[in-house]
Amino acid sequence: MTAALRDDFIPDAEPPALVVDELTTQIRVGRTWYDAVRGISFAVRPRETLALVGESGCGKSLTALSVMGLLPAGVGRVSGGRIVVDGVDMTAADEPTRESMRGDRIGMIFQEPMTSLNPVLPIGFQVAESLIQHRGLSKKAALNRARELLELVRVPAAASRLDAYPHQFSGGMRQRVMIALALACDPKVLIADEPTTALDVTIQAQVLALMADVQKREGLALLLITHNLGVVASVADRVMVMYGGDVVESGPVRAFFARPSHPYSEALLAAMPRIDGDTPLQPIAGQVPTLTQMPTGCRFATRCALRHDRCAELPPLTPVGDDPNHLVRCWARMSP
Amino acid sequence: MLRFVIKRLILAIPTLWAVLTTVFVLVRVVPGDPTIAILGDQASEGARAELRDKLGLSKPILAQYVDFMSQILTGDLGRSLSTNRPIADDVLAVLPYTIELTLAALVVGTVLGVPLGVLAAKNRNGFADWFARIFSLAGVSFPAFVSGILLLLVFAVELRWFPVISSANAADPVERLRALVLPALNLGLLMVAYVTRVTRSGMLKALSEDYVRTARAKGLPYRTVVWRHAFRNVLVPIVTVVGLYLGVLIGNAVLTEIVFNRPGIGKLIVTALNQRDYSLLQGLMVVSAFAIVLANILTDLTYGLVDPRVKTQ
């Protein structure tokens, strides 16, 4: 079976709704294509939440766009690996097939609710649009369903606000509309790319709770992209830390927080503000190297305190600690 | 909506007042004595004084201003100095030709410019984009009298598709339409250039917006994404440029009307200038000013239709 499934094989579990196997995504800089995501693998089962964590530029959003098939043409491309959504191989499919999958069996919520909705179309229609497209519903039936969806995401007075435009909504309300929009066709997989980053802290909690609630109810496989480890701890089942396009650590949330093992994961946790101790925040020294200057081996090596000669070679993901599903990609942390 | 219209009409009053005052002042500071222009330089001082009295030019300037304003408010543009016919009649006789030409040019500019701009943005740096860019550049660079003569040479003289001598006042509607094609194309070309450029840059911006990504994430066909999601957001700049051009076209109609020998406001302006017919000139400027203010009001009203954010303000 694929590497992705081996990582966290659970007997008798439902088959995963999303499988990403050895995905490599390249970005063009000038005339050269560079690997921005290097052979990452994971699987998400129905009702499960996988959090993809890392700082800006680590490849997490590119992974999401690759899965959606929405990489900007001419700038980004999937150059290797397989993406299987609800049994359909998206990498082998043609564009019409991918079009029919998007918005139907796989939905996505974006970071910026203020700009992600079309300012000149009524929100009811924007939610209803994919139902008209994929389910062939009449406009009236689709709008009726849109009202139910808006009620599901708790938009107050949904029926009277179908004709309202995005500028009449607050940021939090717009993100609810985005969730309703992504859920319109009952997708199997939902990708949420930093869904709460642009929102006020109080609204963040509401939106997260709403997403978790809807996810359990609809049996969604959720790929949650975030840089906020607090969000990970509160809603995710499993976590995957990315750095420079590589998965550097992955495992169940409990095992990860009990024993963060990659030097980068440790650094991420040390850079998080804590409500209890007086220890000052520890920023991670240096910056993510640009794509053109990435080291060939372990990409964190340039910023790592545990660096040694072997880091010029990329370490494999190997089990660490007590949980066999807890994997780390670091020579220094491998069991001898 | 009605309140918006009323508000917009009230706001137009100071604009019109300012324009009318400027026209009044301009006509009186242009060098040259109108009485000499009318009676010739051999006229006696007595005859000229008599004419001045008749035209009201011997009154104090403030009284002339009050007369001028009250006349216009009653819809009276006065009488032509050279022909002594009511100016309103002269203007109304040719106004339909200019309106016809301007609207036809507006249609040409929009119908050619908008799809060209969208096509150029969709195929950025592709063949359509290059074509649109070169076409735009040529459109802006050619003065209307040069392009008009070229159009006449190619399509009227060589190919004989359209009449050389305008038959704009023909009774036969088909003949009238044939006479309209080349002038409308000539006047519209200038606008095609601008409309194409505004559409292209607006579409390029819109296609990179987050809401377009959302639309694609819904699995909509690319055509729907382009037209329903991106293009609708570009309507505001397009309406702006088209509205502005309504004013520009009224002014540019002069050259086209002369090259194609069409009756219209433009030809009347030239006649008035040649005859130093101050009152006719004054009347024509008033009519043009009203037309441009009306065009701007229409543009503002259209904003409310294409952008929901305008309505609630």
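**Ground rules**

I number residues from 1 along each chain as its sequence is written, and I letter chains from A and number ligands from 1 in the order in which they are written. As the model is predicted, local features need pLDDT of at least 70 and side-chain atom pairs count only at pLDDT 80 or more, while totals for chains, interfaces and linings use all residues.

**Chain A, domains**

I looked up the domain assignment of chain A, where bounds come from an automatic or database assignment. Domain 1 of chain A covers 3–105 + 189–328, and domain 2 of chain A covers 113–184. I find their centres, taken over C-alpha atoms, separated by 29 Å. On the contact, I count 14 residues from domain 1 of chain A and 15 residues from domain 2 of chain A; two residues are in contact if their C-beta atoms, placed from the backbone, lie within 7 Å. Helix H8 (residues 201–218) of chain A supplies seven residues, the largest share of the domain 1 side. Helices (H or I, at least four residues) and strands (E, at least two) are DSSP runs, numbered from the N terminus. By class, I note nine nonpolar, three polar and two charged residues on that domain 1 side of chain A. Here Ala, Val, Leu, Ile, Met, Phe, Trp, Tyr, Cys and Pro count as nonpolar, Asp, Glu, Lys and Arg as charged, and the others, Gly among them, as polar.

**Chain A, sheet**

I traced an open sheet of eight strands in chain A, with mixed pairing and the order E6-E7-E8-E3-E9-E10-E12-E11. Two strands pair if DSSP finds at least two bridges between them. Strand E6 (106–109) and strand E11 (318–319) of chain A are at the edges with a single partner strand each, so one side of each has no neighbour in the sheet. E6(A) runs parallel to strand E7 (residues 189–193) of chain A, and four bridges join them. Within E7(A), I find Ala192(A) opposite Ile109(A).

**Chain B, domains**

**Chain B, helices**

I checked helix H5 (residues 87–122) of chain B against helix H8 (residues 173–207) of chain B: the axes are 5 Å apart, at an angle of about 35°. Axes are lines fitted to C-alpha atoms, for helices over the stretch in contact, and angles run from 0 to 180 degrees between N-to-C directions. The contact of H5(B) with H8(B) holds 22 nonpolar, seven polar and two charged residues.

I also took the "transmembrane region" annotation from the unreviewed UniProt entry; its spans in chain B include 9–30 and 280–306. UniProt annotations may be inferred rather than shown by experiment. Residues 9–30 of chain B are 95% helix, with end C-alpha atoms 32 Å apart. Residues 280–306 of chain B are 100% helix, and their end C-alpha atoms lie 39 Å apart.

**Between the chains**

I count 18 residues of chain B in contact with 23 residues of chain A. H9(B) gives the most to the chain B side, with seven residues. That side of chain B has six nonpolar, four polar and eight charged residues.
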